[in-house]
Amino acid sequence: MDYRETYDSWLANPYFDADTKKELESIAGDENEIKERFYADLEFGTAGLRGIIGAGTNRMNIYTVRKATQGLANYIISQNGQKKGVAIAYDSRRMSPEFADEAACCLAANGIKAYVFESLRPTPELSFAVRELGCISGINITASHNPPEYNGYKVYWEDGAQITPPHDSGIMNEVKAVTDYATVKTMDKDEAVKAGLYESIGQAIDDRYMEELKKNVLHPEAIKEASKDLTIIYTPLHGTGNLPARRILKELGFEKVYVVPEQELPDGEFPTVSYPNPEAAEAFELALKLAKEKDADLVLATDPDADRLGVYVKDTKSGEYICLTGNMSGSFLAEYEIGQKLELEGKLPEDGELIKTIVTTNMVDALAKHYNIKVTECLTGFKWIGKEILRMETTGKGQYLFGFEESYGCLIGTHARDKDAIVATMALCEAAAFYKTKGMTIWDAMLEMYEKYGYYKDDVIAISHKGIEGLAKIKSIMDNLRKNPPAEFGNYKVIGFRDYQEDYIKNMLTGVTKKTGIPKSNVLYFELTEDAWLCVRPSGTEPKIKLYFGVVGKDLEDANQKSAELAKIVKDMLDKL
């Protein structure tokens with residue numbers, strides 16, 4: 001059927017409820033809107049579902065959630081995992097509780113028990129719960145930092161990480177095989193509870209999660225000494241981080257923690273921000289205002305599902321608050337966690353590994369060289385870092401020391417297998433206390449890092465291309481760069497070219513090629529002279545093409561100038577493609 005026939009079938013089919021039909025009738029005269037909603041099925045990709053909430057095959061609604069869950073249930077049964085159950089969490093977005101229950105009731109109808117959090121919880125706690133409860137899988141209803149009109153559906157496997165091969169393709173194939181919505185199983189929630197197939201979970205998991213976080217504290221004595229003098233501003237951006245972040249800081253002894261009141265309570269409309277993303281300066285406006293009132297040392301913001309952490313730190317010399325990018329905060333935490341473990345224990349594991357993604361700062365490599373530890377690169381997306389942890393566990397080779405990606409996500413410890421902004425909040429506050437006992441700020445410590453390893457400056461540009469035409473434009477850009485890779489970007493010569501989709505790395509000076517050694521992905525990477533680099537890839541969750549790049553300068557000013565120059569060169573290049 002074409003999109004119009006599918007639209008008409010939804011209106012005629014008694015399977016779809018009255019509210020859905022009323023919404024569809026309201027767009028009867030808008031052919032473009034009908035096409036956008038029905039020209040395709042909302043794609044179940046390697047990260048699950050993500051889309052605009054609304055009626056239609058290309059939207060997030062109870063029917064597309066049920067269909068995805070039926071496919072997941074079919075795959076779980078094919079793997080003989082139905083007796084282990086599935087953990088389900090959700091965030092503060094519109095329809096999140098409803099989508100969680102729809103997923104649970106579909107699982108129950110397939111004989112698979114669902115463990116559903118009684119109220120909203122952060123993403124890393126869902127990852128933890130999958131492992132803690134011994135589940136075969138997990139579902140998280142969240143659209144992370146997307147605008148309010150979005151919601152999403154992430155799938156985890158029994159190791160606690162988001163799905164990777166072979167499970168991702170196996171589940172995707174099962175979801176695609178569900179072609180008739182009316183064949184999807186479901187059952188009444190009360191009946192599922194009576195049958196022992198729906199169980200609410202909450203405090204017991206919360207308590208265990210907190211216990212695991214506390215195991216990663218390195219300097220409790222510093223917290224005790226500095227807690228009365230350290231002022232922390234925190235905002236959950238209307239999301240899931242409020243209770244767990246405040247709880248862990250309180251239980252560790254931090255006394256001066258101020259939460260931004262306008263952004264404290266969960267609200268799927270995100271009324272104080274247009275885009276609830278801790279990468280965006282707008283998200284910090286209210287927090288920085290409060291920080292100046294309280295003369296705060298540290299300003300923190302977690303995104304709505306609390307897996308990513310944004311940070312501002314005070315420069316006592318200028319009195320200004322400085323934004324730390326994800327590369328900066330990740331490098332800082334890597335230095336603190338690894339450096340202090342060495343100080344406390346006298347040595348690091350001989351097979352210790354630091355995991356980074358292919359678009360993460362090269363400062364990590366300099367840090368790892370200093371500590372004589374291995375750097376392992378993986379694809380963008382924290383599930384690949386989780387897969388590396390699983391590899392270490394299953395082979396007995398390698399010990400996880402730290403892992404992070406540039407998009408404000410890291411994991412300290414192995415209690416979860418996804419990025420964890422709650423443990424990162426805890427660690428940054430601990431580090432701030434530790435340096436305060438030494439008469440230093442986090443910014444002072446950052447400057448020491450730059451002097452030690454080099455003034456690395458990394459950035460990312462995301463360019464939106466929405467709708468059907470946007471997808472075609474993104475494909476055209478990638479095809480052009482793949483077939484005709486530039487030999488230079490301004491003054492930077494290309495000395496190496498990596499095509500992760502075609503699985504090769506080419507030395508542009510010698511012409512020698514080799515395999516990438518990691519799974520195929522639609523990513524292009526240019527190694528440049530002067531330790532600079534550029535990476536281009538389509539976003540896996542949004543209609544955007546993303547450009548990552550990094551330079552090294554003589555000092556901060558030089559690094560900022562070089563970064564701005566490379567950004568302009570790259571933007572001008574894209575405009576011509």
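**Exercise 1.** Find which strands helix 15 lies across, and its angle to strand 14.

*Solution.* Start with the helix: helix 15 covers residues 382-395. Helices here are DSSP runs (H or I, at least four residues), strands are E runs of at least two, and both are numbered from the N terminus. Next, the strands: helix 15 lies across strand 12, strand 13, strand 14 and strand 15. Contact means heavy atoms within 4.5 Å. Last, the angle: helix 15 runs at about 175 degrees to strand 14. Angles go from 0 to 180 degrees between N-to-C directions, with axes fitted to C-alpha atoms, for helices over the stretch in contact.

A quick word on the model: it's predicted, with local features needing pLDDT of at least 70 and side-chain atom pairs pLDDT 80 or more, while totals for chains, interfaces and linings use all residues. Residues are numbered from 1 along each chain as its sequence is written, and side-chain values use heavy atoms, leaving out hydrogens and water.

**Exercise 2.** Work out the strand order of the open sheet and which strands stand at its edges.

*Solution.* First, the order is 13-12-14-15, with mixed pairing. Strands pair if DSSP finds at least two bridges between them. Then look at the ends: strand 13 (374-378) and strand 15 (409-411) each have a single partner strand, so one side of each lacks a neighbour in the sheet.

**Exercise 3.** Describe how strand 14 joins strand 15.

*Solution.* Strand 14 spans residues 399-405 and runs antiparallel to strand 15. Count the bridges: there are 3.
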